[in-house]
Amino acid sequence: MQRKIIENIGSVLDEKSIKMLYDLKELILEKSFISGDFTLSSGVKSSYYVDLKKATFDPKGINLISNIILNNLQKWFPDRIINSIGGMEVGAIPIISAITA
């Protein structure tokens with residue numbers, strides 16, 4: 001599955017953003033991925049936990065996320081003029097703030 005995603009990513013992201021995506025993946029593994037024994041809020045047990053807030057609140061992480069989005073908005077929506085952007089309640093605030101800054 002991961003190989004298929006990587007093979008098709010060029011149709012979704014520009015070349016510069018693909019490199020940023022790989023950098024973001026490394027940052028997520030470094031800052032957000034935790035191995036151990038966890039009980040998720042659903043009650044399901046897991047051997048890992050991913051806290052993406054740690055990558056999102058990292059200066060390098062938020063810079064990568066916002067630049068990937070900014071570099072590709074026109075590619076994703078070629079027939080539209082983009083004059084607003086939004087996301088899920090509280091979790092999107094740092095990303096939207098970085099994009100609009």
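## A charged residue as a starting point

Tutor: Let us begin with D58, which is buried, its relative accessible area being 13%. Buried means under 20% relative accessible area, exposed means over 50%, and partly exposed lies in between, with a 1.4 Å probe and only protein chains counted. Before going further, note that this is a predicted model, in which local features need pLDDT of at least 70 and side-chain atom pairs count only at pLDDT 80 or more, while totals for chains, interfaces and linings use all residues. Residues are numbered from 1 along each chain as its sequence is written, and side-chain values use heavy atoms, with hydrogens and water left out.

Student: With which residue does D58 form a salt bridge?

Tutor: Side chains of opposite charge can pair when their charged atoms come close. The term salt bridge is used for a side-chain nitrogen of Lys or Arg within 4 Å of a carboxyl oxygen of Asp or Glu. Here D58 pairs with K31, and their closest N and O atoms are 3.4 Å apart. Since D58 sits in the loop between helix 3 and helix 4 whereas K31 belongs to helix 2, the pair ties together parts that are 27 residues apart in sequence. K31 is partly exposed, at 33% relative accessible area.

Student: How many salt bridges does a search of the whole structure find?

Tutor: Such a search finds two. In the other case that I will show you, the side chains of D23 and K19 meet at 2.9 Å, N to O. These residues are four apart in helix 2, so about one helical turn separates them. D23 is partly exposed at 25% relative accessibility, and K19 is exposed at 52%.

Student: How should I read the secondary structure, and in what order do the elements run from the N terminus on?

Tutor: Helices (H or I, at least four residues) and strands (E, at least two) are DSSP runs, numbered from the N terminus. This protein has five helices and two strands, and the order of its elements is α-α-β-β-α-α-α.

Student: In which sense do strand 1 and strand 2 pair?

Tutor: Two strands count as paired if DSSP finds at least two bridges between them. Strand 1 (residues 33-39) and strand 2 (residues 45-50) are antiparallel, with five bridges, and one of the pairings joins S35 to Y48 in strand 2. Five residues lie between the strands of this hairpin, where G43 takes a positive phi near 95°.

Student: What is I68 in contact with, leaving aside its neighbours within four places in sequence?

Tutor: Contact means heavy atoms within 4.5 Å. With those sequence neighbours set aside, I68 touches L13, S17, M20, L21, L24 and W76.

Student: Does N72 count as buried or exposed?

Tutor: N72, which lies in helix 4, is buried, with 0% relative accessibility. Apart from neighbours within four places in sequence, N72 is in contact with V12, L13, D14 and S17.

Student: Which residues form a nonpolar patch on the surface?

Tutor: Patches are made of residues with over 30% relative accessible area and no salt bridge, like charges being joined within 9 Å and nonpolar side chains (Val, Leu, Ile, Met, Phe, Trp, Tyr) within 5 Å. The areas come from the Shrake-Rupley method with a 1.4 Å probe, and for residues only the protein chains shown count as cover. In this protein L29, F33, Y48, V50 and L52 form such a patch, with about 440 Å² of accessible area together. L52 belongs to helix 3 (residues 52-56) and is partly exposed, at 44%.
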